[in-house]
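Please read it alongside the sequence and the coordinates.

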Amino acid sequence: MGPQTKFVQCPEGELQKRKEVVHTVTLHEIDVINSRTQGFLALFSGDTGEIKTEVREQINAKVAEWREEGKAEIVPGVLFIDEVHMLDIECFSFLNRALESDMAPVLIMATNRGITKIRGTDYKSPHGIPIDLLDRLLIIATTPYEEKEIKQILKIRCEEEDVEMSDDAITILTKIGMETSLRYAIQLIMSANLVARKRKGTEVSVEDIKRVYSLFLDESRSSQFLKEYQMSSCSTIWKWMSRKKCRLEPSYLLCTFSHQQYVPHLKGCRTF
């Protein structure tokens, strides 16, 4: 040590430590804690009950104060509403007002409707959403899936459901998804897997896909079946009427047979 060395006295007293703790809570949890006498324990009891508007306003003011002081940071949540055209005008009014709040979540809505009526009114609007709310939204257009995209989705779905499927079976299932719908193709995965397990196979083959495709109808084939059944039923009725010499009136059927006879597909018959 040289002559310029200076000794500094060691500090005395207790050693103070400063520790920063970050808690992640929702506004609803803060509302429940402050609206019940149990405090934090009310979150575990499950009896949240009705939260008064005054409590919510006080919490919002306190959270805004914490944010200005740098003690808190608000992370907006995400609210996803599918088939939004099913909401009525009162729900849209509530959403329109809720979006004006500073603590409103990010709202994502999905619909596949065009120009349709707003539920609860006689007015038509694009996607069934009021114009004033529609002006505040960013509309994202979607396009149908391509064949390679459907194939990739089906592969991911097979991995999630632990289903082993051959490449030829996935190709056939992809074609089914292109011709019918992606949901129908996804539903066939587990059904084909059950067929493969029944025959004690290690993976789903093309024959398994064909088997479940013949057992379970999609929307288009089901509609076609109903149309054919309706036409066959109508032709059967008209043949039966011509044989029995019946005539059809608006509210009932007049025919020349006894009321004890059984008449399929016809109701409200009387004799004359």
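The model is a predicted one. Its largest pocket holds about 1,600 Å³ of space, and the second largest pocket holds about 750 Å³. Helix 3 gives the largest share of the lining of the largest pocket, and helix 3 also packs with helix 1 at an angle of about 120°.

**Largest pocket**

- The space in the largest pocket comes to about 1,600 Å³, and 33 residues line this pocket.
- Closest to the centre of the largest pocket are T26, L27, N60, V63 and M103.
- Sorted by class, the lining of the largest pocket consists of 17 nonpolar, 9 polar and 7 charged residues.
- Domain 1 (23-75) and domain 2 (76-142) each contribute at least three residues to the lining of the largest pocket.

**Second largest pocket**

- About 750 Å³ of space lies in the second largest pocket, with 22 residues forming its lining.
- The residues nearest the centre of the second largest pocket are M109, A110, T111, I139 and I140.
- Strand 2 (residues 106-110) gives the most to this lining, with 4 residues.
- By class, the lining of the second largest pocket is made up of 15 nonpolar, 5 polar and 2 charged residues.

**Packing of helix 1 and helix 3**

- The axes of helix 1 and helix 3 lie 10 Å apart, and the two helices pack at an angle of about 120°.
- Helix 1 is therefore oblique to helix 3.
- Helix 1 and helix 3 make a right-handed crossing.

Methods. Residues are numbered from 1 along each chain as its sequence is written. This is a predicted model: local features need pLDDT of at least 70, side-chain atom pairs count only at pLDDT 80 or more; totals for chains, interfaces and linings use all residues. Side-chain values use heavy atoms; hydrogens and water are left out. On a 1 Å grid over the protein atoms alone, a cavity is a set of points where a 1.4 Å probe fits but cannot get out, and a pocket is an open set with protein on both sides within 12 Å along at least five of seven lines; lining residues have an atom within 4 Å of a point. Grid points are joined across faces, edges and corners, and a volume is the space filled by probe spheres set on the points. Ala, Val, Leu, Ile, Met, Phe, Trp, Tyr, Cys and Pro count as nonpolar, Asp, Glu, Lys and Arg as charged, and the others, Gly among them, as polar. Domain bounds come from an automatic or database domain assignment. Axes are lines fitted to C-alpha atoms, for helices over the stretch in contact, and angles run from 0 to 180 degrees between N-to-C directions. Angles under 35 degrees count as roughly parallel, over 145 as roughly antiparallel, 65 to 115 as roughly perpendicular and the rest as oblique. A crossing is left-handed if the near helix is turned anticlockwise from the far one by less than a right angle, and right-handed if clockwise.
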